[in-house]
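The exercises below ask you to read a fold from its strands, its charged pairs and one of its helices. Work through each task with the structure open before turning to the solution.

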Amino acid sequence: MPTGQPTILIVDDEPALREVLAYNMQSAGYEVVQAASGEEALVLVQEVAPDLIVLDWMMPNLSGIELCRQLKARPQTRAIPIIMLSARSDEVDKVRGLETGADDYVAKPYSMAELMARIRAQLRRVRPAAAAETLEYDDIIVDLESHKASRAGKPLRMGPTEFGLLSTFMEKPGRVFSRDQLLGRAWGRDVYVDSRTVDVHIGRLRKALTAFGGSDPLRTVRGAGYALD
């Protein structure tokens, strides 16, 4: 089952380097997804909605810098921080990477401790909720430590899956999550669940949120998914 920790997508065509990065990130408590090419990364970004991407510059076919350019040009993925890894250490290359849209640039060879520090800095910027014990939006409060939620001061009764869905929505109110993205967040990518099952649990979550009255805060976006408004 997912931990609720930030998800990092590693994009590198060298398996050994991916495994080293994945080991260190998983040891730090992060969820890790790997892509061996820029093309595979484009698919995974839509499925997983990662919180951060660690991207190698030099890859065949779709290069890291071109992938970065494409992701930063799309409204749905523009806000995802990208840390570019490259053997190019010249200042002009670093400037080019940053101007393409990368949020940070780390030249090889790099210190793993430094890279992890930069990852933490980017995640604190885009996902402060990852370090929080409670999430609040309007009159809804989610206590991540006790796994309890309330609305307008009244406790909400829900199962662990509904709690996971609500926590996901509460981290980024207004953001539209597709069914596949919600599956990855609430169930984990290693668990097979039919995407239609998401609709069933969304219905249960809506029932829990409106049990004591009040409007339904979840919005259905036809053909796209769900959002907390």
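A salt bridge is counted here when a side-chain nitrogen of Lys or Arg lies within 4 Å of a carboxyl oxygen of Asp or Glu. The model is predicted, and by this rule the count comes to ten salt bridges.

**Exercise 1. Determine which residues are linked to arginine 118 by salt bridges, and where these residues lie.**

Step 1. The side chains of arginine 118 and glutamate 114 meet in a salt bridge, with 2.6 Å from N to O. Both residues belong to helix 5 and are four residues apart, so about one helical turn separates them. An α-helix has 3.6 residues a turn, so residues three or four places apart point the same way.

Step 2. Arginine 118 also forms a salt bridge with aspartate 104, and here the closest N and O atoms are 2.9 Å apart. Because aspartate 104 lies in strand 5 and arginine 118 in helix 5, this pair ties together parts that are 14 residues apart in sequence.

Step 3. Taken together, Asp104, Glu114 and Arg118 are linked in a network of salt bridges. Aspartate 104 is buried, at a relative accessible area of 15%, whereas arginine 118 counts as partly exposed at 25% and glutamate 114 counts as partly exposed at 33%.

**Exercise 2. Decide which parts of the chain are tied together by the salt bridge between aspartate 56 and lysine 108.**

Step 1. The side chains of aspartate 56 and lysine 108 meet at 2.7 Å, N to O.

Step 2. Aspartate 56 lies in strand 3, while lysine 108 lies in the loop between strand 5 and helix 5 (112-126), so the pair ties together parts that are 52 residues apart in sequence.

Step 3. With buried meaning under 20% relative accessible area, aspartate 56 is buried at 4%, and lysine 108, at 24%, is partly exposed.

**Exercise 3. Work out the strand order of the open sheet and name its edge strands.**

Step 1. Five strands form the open sheet, in the order 2-1-3-4-5, and their pairing is parallel.

Step 2. Strand 2 (31-35) and strand 5 (104-107) are the edge strands, since each of them pairs on one side only. From one strand to the next, the twist averages 20 degrees.

Step 3. Strand 1 (residues 7-11) is joined to strand 2 by five bridges, and within this pairing leucine 9 has valine 33 of strand 2 as its bridge partner.

Step 4. Helix 3 (residues 64-73) lies across strand 1, strand 3 (52-56) and strand 4 (82-86), and runs at about 170 degrees to strand 4.

Definitions and conventions
Residues are numbered from 1 along each chain as its sequence is written. This is a predicted model: local features need pLDDT of at least 70, side-chain atom pairs count only at pLDDT 80 or more; totals for chains, interfaces and linings use all residues. Side-chain values use heavy atoms; hydrogens and water are left out. Two strands pair if DSSP finds at least two bridges between them. Helices (H or I, at least four residues) and strands (E, at least two) are DSSP runs, numbered from the N terminus. Axes are lines fitted to C-alpha atoms, for helices over the stretch in contact, and angles run from 0 to 180 degrees between N-to-C directions. Contact means heavy atoms within 4.5 Å. Buried means under 20% relative accessible area, exposed over 50%, partly exposed in between (1.4 Å probe, protein chains only).
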